[in-house]
Amino acid sequence: MDNSSRDNVEAVLRKINWAQEILNSVKQNVSDPQIGNILSGISFIMDSASMDAEALYQSIK
């Protein structure tokens, strides 16, 4: 693929990583178990998206 596609996937991976860092920081400061469970679900979805984006990146690299 062209550099534009690779750059776009790299940008998506960076944004996912930033969001994961923020989410992990927030999770550490939450005392409500219900909110903690919701954040864990969001974290799982973001991990999955990150793996998909990484696989896409590897396929166009």
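A nonpolar core is a set of buried Ala, Val, Leu, Ile, Met, Phe, Trp, Tyr and Cys residues joined through side-chain atoms within 4.5 Å. Buried means under 20% relative accessible area, with exposed over 50% and partly exposed in between (1.4 Å probe, protein chains only). The model is predicted, so local features need pLDDT of at least 70 and side-chain atom pairs count only at pLDDT 80 or more, while totals for chains, interfaces and linings use all residues. Residues are numbered from 1 along each chain as its sequence is written, and side-chain values use heavy atoms, leaving out hydrogens and water.

**The core**

- The largest nonpolar core has six residues: Val9, Leu13, Ile16, Ala53, Tyr57 and Ile60.
- At least two residues of this core come from each of helix H1 (3-28) and helix H2 (33-60); helices are DSSP runs of H or I with at least four residues, strands are runs of E with at least two, and both are numbered from the N terminus.

- Leu13 is part of helix H1 and is buried, at 12% relative accessibility.
- Leaving aside residues up to four places away in sequence, Leu13 touches Ser50, Ala53, Glu54 and Tyr57, where contact means heavy atoms within 4.5 Å.
- Leu13 and Ala53 are separated by 40 residues in sequence, and their C-alpha atoms are 6.4 Å apart.
- With residues up to four places away in sequence again not counted, Ile16 touches Met46, Ala49, Ser50 and Ala53.

**Ser43**

- Ser43 sits in helix H2 and is buried, its relative accessible area being 11%.
- Beyond residues up to four places away in sequence, Ser43 touches Leu23, Asn24 and Lys27.
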